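Let's take a friendly walk through a structure, one contact surface at a time. Have a look at the picture first, and then we will go through it together.

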2 protein chains.
Amino acid sequence: MVKKKKDLPAEERILDAAKKVFLEKGMAGARMQDIANEAGINKALLHYYYRDKEKLFELVFMSESQKFFPKINRIFESDETLEKKFHEFVEEYVNELRLNPYLPWFVLNEINRDPDGFLLKIMTGENRPRPMKFLQQIEKEIKLGNIRKVDPRHILLNLLSMTLFPFIAQPMVSRILGMGNKEFEQLMEERKKTVPAVMMDSIRKKVQ
Amino acid sequence: MVKKKKDLPAEERILDAAKKVFLEKGMAGARMQDIANEAGINKALLHYYYRDKEKLFELVFMSESQKFFPKINRIFESDETLEKKFHEFVEEYVNELRLNPYLPWFVLNEINRDPDGFLLKIMTGENRPRPMKFLQQIEKEIKLGNIRKVDPRHILLNLLSMTLFPFIAQPMVSRILGMGNKEFEQLMEERKKTVPAVMMDSIRKKVQ
DNA sequence: ATCTTTGTTAACCATTTGGTTAAACTATAT
DNA sequence: ATATAGTTTAACCAAATGGTTAACAAAGAT
């Protein structure tokens, strides 16, 4: 029998536990005791390795939110076609979010909790979202007459919305549509095709 | 000079205050003292009018979430064309959410906090979302050959996503795009046109 | 006037919660 | 073996927080 957790050093078990608890309950809802229990250690040990709740949360949040943001840049700042970018974006995020469904909710929740404090940290680092190149690419394609004349910001919003929202709203969506977990995953898998298709239809020039 | 709040009876001021605080901070983050301060009364008076935090929250949550859900049904179960429904849906939600931008985040947050407890209440009442007629309408249009063959669930998801997500993610979106409040509102106003357009483009048959 | 009901408050209480301390345990080096 | 440094715990503490109480004020009712 393989001990799942006991064999990891306490310091790591704490971090894993903190991730789990913070992701599920958010900063305000998480209890240090919950984290200690989840890690199978004494509460005092939390403070031995990580000074206090704020620090621990910040650590978890930074590490998690950097799974979330940098993807955007790597894709958006590449030299691919728009169509390729749509596909890559949805593909990568659906894959990531199926493993980590709480992630966007967690990030948004935190941004909501403390819009200035945190965002200034993320938004000034290397990993802040940089949509400029992407937006400019769209404008360029418009000028070249390759796609319809549309506000690039709506394009970006639509892509983000259709990709991220279903995960944020999963519990609601699943109930409304009467789906189980398996069905939901299947539906998200399909999104890898349907979302880029919708995006392309929304910019492709209409045949006269 | 018109006294904004002092002239309302305490019972109502409390409810207003509770709405504000709960919507901003969620159940876990809200403090009874915050609500009392916001209402300009003593903390004990909260418990005089509303038994405890749980009860007060439930009241606020029910009243707010019923602003959120019934719209879906009124629109989706009408006899309008799909195009009209797209327009009405976005129009109404953008209007509502501009007044009440925290609403969707609040609802989703709560669903996340307690997926079973709460949802059973909403989901069994008169106001539970009933997307069936809408989904069937889409299937019918497909059979009639009026629109493309697409999974109706994706249509519904896309509409919900593009309408609601920008509000849920407003703080993030605003920073990423470097917008102030005014600009954000302007952008949302534009969505009333761009979102239904995208929706129609995604189902309209392509010209051969 | 005074009795009763309703509204409001300050002070208080019990529990929860983040955080500390001092002691004990473990391993490693001497 | 024993000294030392790192690890872990039980017990404890102070602040925050939800909730109660008892007294007081305001407003009707008699």
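How many residue pairs in polar contact does the rule find across the interface of domain 1 of chain A and domain 2 of chain A? What you see is a predicted model.

**Inside chain A: two domains**

Chain A is divided into two parts, with domain 1 covering 10-62 and domain 2 covering 69-203. Taken over C-alpha atoms, the centres of domain 1 of chain A and domain 2 of chain A are 29 Å apart. Where these domains meet, twelve residues of domain 1 of chain A are in contact with twelve residues of domain 2 of chain A.

The area buried between domain 1 of chain A and domain 2 of chain A is about 1000 Å², and carbon and sulfur atoms give 76% of that area. On the side of domain 1 of chain A, the residues that lose the most area to domain 2 of chain A are L23(A), F61(A) and M62(A), which together make up 58% of what that side buries.

Now back to the question. Across the interface of domain 1 of chain A and domain 2 of chain A, the rule finds zero residue pairs in polar contact, with both residues required to be at pLDDT 80 or more. The count of salt bridges between domain 1 of chain A and domain 2 of chain A is zero as well. On the side of domain 1 of chain A that touches domain 2 of chain A, α1 and α4 (53-68) of chain A each supply at least two residues. By class, that side of domain 1 of chain A has seven nonpolar residues, one polar residue and four charged residues.

**Between the chains: A meets B**

Next, let's look at the place where the two protein chains touch. The size of an interface is often given as the accessible area lost when the parts come together. For chain A and chain B, the buried area is about 4600 Å², of which carbon and sulfur atoms give 70%. In terms of residues, 51 of chain A are in contact with 50 of chain B.

Which polar features turn up here? The rule finds two salt bridges across the interface of chain A and chain B. A salt bridge joins R148(B) to D201(A), and their closest N and O atoms are 2.7 Å apart. Across the interface of chain A and chain B there are also eleven residue pairs in polar contact, both residues being at pLDDT 80 or more.

Several helices of chain A give two or more residues to the side that touches chain B: α1 (10-29), α7 (103-113), α8 (117-124), α10 (152-168), α11 (170-176) and α12 (181-203). The largest share of that side, twelve residues, comes from α10(A). The side of chain A that touches chain B divides into 32 nonpolar, eight polar and eleven charged residues.

**Meeting the DNA**

Of the atoms of DNA strand C that come within 4 Å of the protein, sugar and phosphate account for 53%.

DNA strand D is surrounded by 15 residues, the closest being N42(A), Y49(A), R31(B), K43(B) and K53(B). Sugar or phosphate holds 52% of the atoms of DNA strand D within 4 Å of the protein, and the rest belong to bases.

| Residue | Protein atom | DNA strand | Distance to a phosphate oxygen |
|---|---|---|---|
| R31(A) | side-chain N or O | DNA strand C | 2.9 Å |
| M32(A) | backbone N or O | DNA strand C | 3.0 Å |
| Y48(B) | polar side-chain atom | DNA strand C | 3.0 Å |
| Y48(A) | side-chain N or O | DNA strand D | 3.3 Å |
| R31(B) | side-chain N or O | DNA strand D | 2.8 Å |
| H47(B) | polar side-chain atom | DNA strand D | 3.5 Å |

The elements that give two or more residues to the surface near DNA strand D are α3 (43-49) of chain A together with α3 (43-49) of chain B. The largest share of the surface near DNA strand D, four residues, comes from α3(A). For the surface near DNA strand C, the largest share is four residues from α3(B).

What classes of residue make up the surface near DNA strand C? The surface near DNA strand C has nine nonpolar, two polar and four charged residues. The surface near DNA strand D divides into nine nonpolar, two polar and four charged residues.

How values were computed:
Residues numbered from 1 in each chain as written. Chains lettered and ligands numbered in written order. Heavy atoms only, no water. Contact = heavy atoms within 4.5 Å. Buried area = accessible area lost by both parts, 1.4 Å probe. Salt bridge = Lys/Arg side-chain N within 4 Å of Asp/Glu carboxyl O. Polar contact = N/O pair within 3.5 Å; in protein donor to acceptor, adjacent residues only side chain to side chain. Nonpolar A, V, L, I, M, F, W, Y, C, P; charged D, E, K, R; others polar. Near = heavy atom within 4 Å. Domains from an automatic or database assignment.
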